[in-house]
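I am opening a notebook on this structure. These are my entries, in the order I looked things up.

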Amino acid sequence: MIKLALADDNVFLLKSAQEKLSFFDDFTIKVTALNGVELLDKLATNHNIDLILMDIEMPKMDGIEATLRIKQKHPQIKIIMLTVFDNDENIFKSIKAGADGYLLKEVSPKDLRQGILDTLNGGATMTPSIALKTLKLFRNPIDFETPENTEEIRLTAREVEVLEQLSKGLKYEAIASNLFLSAGTIRKHVENIYTKLQVHNKLEAIEKARNNKLI
């Protein structure tokens, strides 16, 4: 029986991963955590884990920092990053932290199972698009360690509020209710946010805002 741990701050996606794994009787989920701090606390009392499926964007401690710390304390535990983000910096930092694999959350149950087995057998499982990005990174290395002079992004206090609500997975109608605004006003705020951040969708907006410490 393969003992797993899951770390993800999105309860819906956490349950989705559990459902994918429930198809197979050779896996047992021993630990679940909503952030890196909680995961480390639980591993302190029970580190008899074979493999961790690790989200990247989490509060308190993200998956990259958690991976680094776990690999220092328990190098025998395999870690696969399971995330919606496939940007170059996340891939680079995850590999540098010691991640053994990198899969996108859209992975099918069958491919997730095979990825876990391959990793436990000494392989390095990756979603094909991630593997391609990794090859390009090795061919054309990017220095992510040196901060770039990034353009200053200015959002209004209201736009930050809307973005924070979006990051929690709330729909426009719920955000409008929470902020005592109309759904149309929320849509206009979101359009302005996309323009200022130079992004095209919610995931990109949330990621860029977090990278720039806006939320």
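**Entry 1: a facing pair, and the strand around it**

I began with Ala5 and found that this residue stands opposite Val31 in β2. From β1, the chain passes through helix α1 (residues 11–21) on its way to β2, and this β-α-β crossover is right-handed. I note here that I am working with a predicted model.

I then looked at how the two strands are joined. β1 and β2 (residues 27–33) run parallel, with six bridges between them. On pairing in general, I wrote down that strands of a sheet pair through backbone hydrogen bonds, either parallel or antiparallel.

β1 also pairs with β3 (residues 51–54), again in the parallel sense, and I counted four bridges there. Two facing pairs went into the notebook: Leu6 is opposite Leu53 in β3, and Ala7 is opposite Met54 in β3.

**Entry 2: cover on β1**

Is β1 covered or uncovered on its faces? I checked the strand, residues 2–7, and six of its six residues are buried. Ile2, Leu4 and Leu6 lie on one side, while Lys3, Ala5 and Ala7 lie on the other, and both faces are covered.

Next I looked up the strand order. The sheet is open and has five strands, in the order β2-β1-β3-β4-β5, with parallel pairing. Its edge strands are β2 and β5 (101–104), and each of these pairs on one side only. From one strand to the next, the twist averages 25 degrees.

I also looked for a helix against the sheet. Helix α3 (residues 63–73) lies across β3 and β4 (78–83), and its direction is at about 175 degrees to β4.

**Entry 3: cores**

Which residues have the most contacts inside the largest nonpolar core? I found Leu39, Ile49, Ile52, Met54, Ile70 and Met81, in a core of 25 residues. The elements that contribute two or more residues to this core are β1, β2, α2 (36–45), β3, α3, β4, α4 (88–97) and β5. Another core, of 18 residues, lies apart from it and includes Ile175, Ile193, Tyr194 and Ala209. As a general point, nonpolar side chains tend to be buried together in soluble globular proteins.

I took Ile49 for a closer look. With neighbours within four places in sequence left aside, Ile49 is in contact with Lys3, Leu4, Ala5, Lys30, Val31, Leu43 and Ile77.

**Entry 4: Ile79 and Asp100**

I located Ile79 in strand β4. Its relative accessibility is 0%, so Ile79 counts as buried. Leaving aside neighbours within four places in sequence, I listed its contacts as Ile52, Met54, Thr67, Ile70, Lys71, Ala99, Asp100 and Gly101.

Asp100 sits in the loop between α4 and β5. Is Asp100 buried or exposed? Its relative accessible area is 17%, so Asp100 is buried. Not counting residues up to four places away in sequence, Asp100 touches Lys71, Ile77, Lys78, Ile79, Thr119, Gly123, Ala124 and Thr125.

**Entry 5: Met126**

Met126 is in the loop between α5 (109–120) and α6 (128–139). I found it partly exposed, with a relative accessible area of 26%. Its contacts, leaving aside neighbours within four places in sequence, are Ile95, Tyr102, Leu103, Ala131 and Thr134. Met126 and Leu82 are 44 residues apart along the chain, and their C-alpha atoms are separated by 9.9 Å.

**Entry 6: aromatic rings**

How many aromatic pairs are there? The count comes to two. Phe23 and Phe24 make an edge-to-face pair, at 6.4 Å centre to centre with 65 degrees between the planes. Phe24 and Phe27 have ring centres 6.1 Å apart and planes at 75 degrees, so this pair is edge-to-face. Phe23, Phe24 and Phe27 form one aromatic cluster.

Methods:
Residues are numbered from 1 along each chain as its sequence is written. This is a predicted model: local features need pLDDT of at least 70, side-chain atom pairs count only at pLDDT 80 or more; totals for chains, interfaces and linings use all residues. Side-chain values use heavy atoms; hydrogens and water are left out. Buried means under 20% relative accessible area, exposed over 50%, partly exposed in between (1.4 Å probe, protein chains only). Two strands pair if DSSP finds at least two bridges between them. A crossover is right-handed if, with the strands pointing away from the viewer, the path from the first strand over the helix to the second runs clockwise. Rings of Phe, Tyr and Trp (its six-membered ring) pair if their centres lie within 6.5 Å; planes under 30 degrees apart count as stacked, over 60 as edge-to-face and the rest as tilted. Axes are lines fitted to C-alpha atoms, for helices over the stretch in contact, and angles run from 0 to 180 degrees between N-to-C directions. Contact means heavy atoms within 4.5 Å. A nonpolar core is a set of buried Ala, Val, Leu, Ile, Met, Phe, Trp, Tyr and Cys residues joined through side-chain atoms within 4.5 Å.
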